[in-house]
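Okay, everyone, let me put this one up on the screen.

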Amino acid sequence: MTELLRTNDMVLLSFVEALLKDAGIVCAVFDQNMSVVEGSLGVLPRRLLVDSEAVDEARRLLIDAGLEKDLK
């Protein structure tokens, strides 16, 4: 799996996850439960990873959606 996005913005993360899943791209969000370690401040960003074979397709999808500035 390859990191595609890293953000604290839960709305953005949810939107990107929905875009990828609708396109049939396997993805996973990592570090969701780090709030327990950090004290629930939301300081640590969550990482969105995609299957390594689908990275180019996922990047194109996010660029087409106007989210190129958020790509890693």
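Start with Thr-2: its relative accessibility is 28%, so Thr-2 goes down as partly exposed (buried is under 20% relative accessible area, exposed over 50%, partly exposed in between, with a 1.4 Å probe and protein chains only). Quick caveat: this is a predicted model, where local features need pLDDT of at least 70 and side-chain atom pairs pLDDT 80 or more, while totals for chains, interfaces and linings use all residues. Numbering runs from 1 along each chain as its sequence is written, and side-chain values use heavy atoms, with hydrogens and water left out.

Thr-2 sits in strand E1, residues 2-7 (strands are DSSP E runs of at least two residues, helices H or I runs of at least four, numbered from the N terminus). Its side chain makes a polar contact with the side chain of Ser-52 at 3.1 Å (that's N or O atoms within 3.5 Å; within protein, one must be able to donate a hydrogen and the other to accept it, and residues adjacent in sequence count only if both atoms are side-chain atoms).

Now the helices. The axes of H1 (residues 10-22) and H3 (residues 55-64) come within 10 Å and cross at roughly 125° (axes are lines fitted to C-alpha atoms, for helices over the stretch in contact, with angles from 0 to 180 degrees between N-to-C directions). On H1, Val-16, Leu-19 and Leu-20 make the contact, and on H3, Ala-58, Leu-61 and Leu-62 (contact: heavy atoms within 4.5 Å).
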